[in-house]
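Biologist: Can you walk me through this one? I'd like to start with the folds, then look at a few residues.

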Amino acid sequence: MTAGEPAPRAAADAAAGVPAVAVPAVAVPAVADMAPEASAARSARRPHHPPVRRTWFLATGAYRAYALREASSVVVGLFVLNLVIGLVSAHRGVDAFTRWVELQRSPAVVALTVVALAMAVVHAITWFRATPAVIRVRRGRRHLDRRWVVLAHYLLLAAFAVVVLLWLGRS
Amino acid sequence: MRRWEGRTNEPLFWALFGGGGMLAVVTMPVLVVAAGLLVPFGVFGEPAEVHARVAGFVTHPLGGLAVCVALGLVLWHCCHRTWHALRDLGLHPPEVVRAGIYGVALLTPAITYALCLAA
């Protein structure tokens with residue numbers, strides 16, 4: 001699930017000793033005494049790196065979906081900071097907690113909440129779709145079908161939702 | 001013993017990222033709806049009533065610690081993705097930015113729990 005990295009080839013090339021800029025003048029050994037160790041001082045490799053635009057992630061639908069998935073985590077992180085403030089307010093007492101709840105009603109926080117909800121749903125759907133690649137349950141020579149793994153995760157989400165809503169809702 | 005040069009601690013970061021992602025995907029949709037929409041708009045009653053119901057778990061030292069650790073793990077997921085998103089955009093921020101981003105993920109639960117214990 002890690003992000004793709006289009007640019008570490010430069011670092012890898014530097015590690016391999018391939019010069020990124022014009023090669024400084026080196027005395028080329030005569031053909032007759034061209035030993036293998038002498039030719040290793042300057043490699044003849046010149047891998048081709050196609051130019052990568054800054055907006056590469058807008059180029060295709062798959063790239064855009066990936067960018068949306070990565071952006072979803074930033075928004076969710078902001079909401080986690082909001083929840084953290086709520087936790088401290090709850091510790092501080094009823095008045096602080098009431099003030100925090102009233103802050104949640106302000107337009108900015110409602111906007112953050114709506115976007116964070118959309119992003120959390122995006123994250124959930126894309127994450128669940130990827131889990132069968134990691135969780136492979138063998139049944140004889142074959143594996144359990146992907147849809148059961150995904151369904152199990154949705155059930156986990158639903159169970160947690162029921163627990164939280166019951167806990168909040170019990171009188 | 002194998003040499004240390006050229007090795008990274010990225011697999012450890014990735015493991016925490018995976019754990020945080022799993023926790024986030026199970027908990028965050030409900031928490032966003034409940035804390036962002038249901039509680040503020042009175043579905044569960046007045047804030048004082050909600051506080052009376054949740055305070056038992058949330059203000060308990062171990063309950064607060066559990067919530068802090070869980071939110072911290074989710075934050076780690078977000079910070080790891082943010083760092084790699086910066087690299088995907090073609091920027092290559094220096095190591096101090098990386099320390100800052102992961103520092104947010106590490107320090108936020110720590111500071112939160114300290115504030116909770118102090119309150």
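Modeller: First, a term: helices and strands here are DSSP runs, numbered from the N terminus. Read along its sequence that way, chain A runs α-α-α-α-α-β-β-α. Bear in mind that this is a predicted model.

Biologist: How many helices and strands is that for chain A?
Modeller: Chain A has 6 helices and 2 strands.

Biologist: What is the mean pLDDT of chain A?
Modeller: The mean is 81 for chain A. In that chain, 76% of the residues reach 70 or more.

Biologist: And where does pLDDT stay under 50 in chain A?
Modeller: Over residues 1-25 of chain A. For that stretch the model has 28 contacts beyond four places in sequence.

Biologist: What share of chain A is buried?
Modeller: Of its 171 residues, 29% are buried. Chain A exposes about 11400 Å², and carbon and sulfur atoms supply 66% of that. Take the contacts in chain A between residues at least 6 apart in sequence: 52% join residues at least 24 apart.

Biologist: Switch to chain B. What pattern does it follow?
Modeller: Chain B reads α-α-α-α. The radius of gyration of chain B is 18 Å, well over the 14 Å that the globule rule gives for 119 residues, so chain B is more spread out than a compact globule.

Biologist: What box do its C-alpha atoms fill?
Modeller: Roughly 60 × 30 × 25 Å for chain B, along the principal axes.

Biologist: How far apart are the mean positions of the positive and negative charges in chain B?
Modeller: They are 13 Å apart, for 7 positive and 6 negative charges in chain B.

Biologist: Now some packing. Which residues are buried in helix 4 of chain A?
Modeller: Helix 4 covers residues 94-104 of chain A. Its buried residues are A96(A), F97(A), T98(A), W100(A), V101(A) and Q104(A).

Biologist: What covers them?
Modeller: The cover for helix 4 of chain A includes helix 3 (61-92) and helix 5 (107-134) of chain A. It also includes helix 1 (10-38) and helix 2 (47-58) of chain B.

Biologist: Stay with helix 2 of chain B. Which of its residues are buried?
Modeller: P47(B), V50(B), H51(B), R53(B), V54(B), A55(B) and V58(B).

Biologist: And what do those pack against?
Modeller: In chain A, the buried residues of helix 2 of chain B pack against helix 3, helix 4 and helix 6 (146-169). In chain B, they pack against helix 3 (61-88).

Biologist: Is L117(B) buried or exposed?
Modeller: L117(B) is exposed. The cut-off for exposed is over 50%, and L117(B) has a relative accessible area of 52%.

Biologist: Which helix holds L117(B)?
Modeller: Helix 4 of chain B, residues 95-118.

How values were computed:
Residues are numbered from 1 along each chain as its sequence is written. Chains are lettered from A and ligands numbered from 1 in the order in which they are written. This is a predicted model: local features need pLDDT of at least 70, side-chain atom pairs count only at pLDDT 80 or more; totals for chains, interfaces and linings use all residues. Side-chain values use heavy atoms; hydrogens and water are left out. pLDDT is the predictor's confidence in each residue, from 0 to 100. Contact means heavy atoms within 4.5 Å. Helices (H or I, at least four residues) and strands (E, at least two) are DSSP runs, numbered from the N terminus. The radius of gyration is taken over C-alpha atoms; the globule rule is 2.2 Å times the number of residues to the power 0.38. Lys and Arg count as positive and Asp and Glu as negative; His and the chain ends are not counted. The place of a charge is taken as NZ of Lys, CZ of Arg, CG of Asp or CD of Glu. Buried means under 20% relative accessible area, exposed over 50%, partly exposed in between (1.4 Å probe, protein chains only). Accessible areas come from the Shrake-Rupley method with a 1.4 Å probe; for residues, only the protein chains shown count as cover.
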